[in-house]
Amino acid sequence: MKNQIKVSICVVTYNQGAYIGPCLESLLNQCCGFEYEIIIGDDASTDGTVDVIKRYASKYPQLITTILHEKNVGAFQNILSVYKIARGKYIAHIDGDDLAAREKISLQAKVLDDNSDCCIVSHEVCLIDKNGKRIKEKYKDFPQGIYNKYDLYMNLPFFAHSSKMFRNDLKDSFWGELTDSAIDIEIHTRQVCKGNIYHINDSLGSYRVFTGMSVNNKKINPLLVSACHRIFQKALLDGDNKNFVKRAYARALFKYAYQSAVLGDSDGMRLYIRKSIQLKLISAKQICFFIFSFTPGLVVLLCKLRASLRFTELKSNV
């Protein structure tokens, strides 16, 4: 019965054959005093991921349920397929290339038990590379506390998707408002309209960098930019504080401009900083970045240098 399982751990994967095994091992080793299930959704992988999933599912048939799509359905539909069959009171999301600390599920469930005003609990994660080597102890080192939708707008997002646990109370109408091109940040912003986010500052998992969707062909993935646009346009249509929403949107575009410069994409850098300025003036840094964008080669060089120095510092501190 549904009430016998407290947490449904929903794993989504696509061509992560090198990582799905360690991910599932970390979930099987959870230390908690309640029943949980693991639901794995694979989006028609072609690299051997399915073979690994089947091996674990046959070894733990009472714990693991699989949805193995024969054809690619896309990230959103894959996520939705596992969420819809979840039987737990709470759902914990994890991507197939990430890892969970042993106490993750237990601590997050307790937070939701103790905070009825919160619909989501997130936590910090340490960053690891493709080989599992630690790069940084915390993702963003966001302060522990309770946050609302405006905090999320201004810091979109301040937690990794694989750190998220939420109440399993979303109706079909909630999902029906999202398109197949929707990504995780859109789900977050819709959910936070139902309640607050409790963020835990401890690292209760590992997030694998350089394997996600943020970058595509050395440019900011246009899917990410489109999702960001939909989020803020909806916020404006819903009557949220107009000046605040525009400021948050301008800040997000400014970040895209900087990230584009780091990637060496001068066209993207110029596009995003101009859109940011046109939307709203938010800081002296934004204005300076806009002025220097007329010498894109210099901006790209400086941003690349800054990013390189920060990465070297991170490695030396681990």
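R247 counts as partly exposed, at 35% relative accessibility. Partly exposed is the class between buried (under 20% relative accessible area) and exposed (over 50%), worked out with a 1.4 Å probe and protein chains only. R247 sits in helix α9, which covers residues 242–262. Helices (H or I, at least four residues) and strands (E, at least two) are DSSP runs, numbered from the N terminus. Together with K140, R251 and K255, R247 forms a positive surface patch. A patch is made of residues with over 30% relative accessible area and no salt bridge, with like charges joined within 9 Å and nonpolar side chains (Val, Leu, Ile, Met, Phe, Trp, Tyr) within 5 Å. Lys and Arg count as positive here.

The model is predicted: local features need pLDDT of at least 70, side-chain atom pairs count only at pLDDT 80 or more, and totals for chains, interfaces and linings use all residues. Residues are numbered from 1 along each chain as its sequence is written, and side-chain values use heavy atoms, with hydrogens and water left out.

**Overall form**

The protein has 12 helices and 12 strands. Its radius of gyration is 20 Å, close to the 20 Å that the globule rule gives for 318 residues, so the protein is as compact as a globular protein of that length. The radius is taken over C-alpha atoms, and the rule is 2.2 Å times the number of residues to the power 0.38. Along the principal axes, the C-alpha atoms fill a box of roughly 60 × 45 × 40 Å. Of the 318 residues, 49% count as buried.

**Salt bridges**

The structure holds 11 salt bridges. In each, a side-chain nitrogen of Lys or Arg is within 4 Å of a carboxyl oxygen of Asp or Glu. The table gives some of them.

| Pair | N to O distance |
|---|---|
| D113 and K6 | 2.5 Å |
| K234 and D238 | 2.6 Å |
| R270 and D267 | 2.5 Å |

D113 forms a salt bridge with K6. D113 lies in helix α4 (residues 104–114) and K6 in the segment before β1, so the pair ties together parts that are 107 residues apart in sequence. D113 is partly exposed, at 36% relative accessible area, and K6 is also partly exposed, at 22%. K6 and D113 belong to a network of salt bridges that includes K89.

R270 and D267 are three residues apart in helix α10, so they are separated by about one helical turn. R270 is partly exposed at 26%, whereas D267 is exposed at 51%. In the remaining pair of the table, K234 has a relative accessible area of 27% and D238 has 48%.

**Loops**

Several loops hold residues with particular backbone values. N15, in the loop between β1 (7–13) and α1 (20–28), has a positive phi of about 50° although it is not a glycine. A44 also has a positive phi, near 60°, and is found in the loop between β2 (36–42) and α2 (49–59). N15 is partly exposed at 28%, but A44 is buried at 15%. The peptide bond from L156 to P157 is cis, with omega near -15°. P157 lies in the loop between α5 (149–154) and β9 (165–167).

K280 lies in the loop between α10 (266–279) and α11 (284–292).

Technical notes. Areas by Shrake-Rupley, 256 points an atom, 1.4 Å probe, with all protein chains shown as cover. Charge placed at Lys NZ, Arg CZ, Asp CG, Glu CD.
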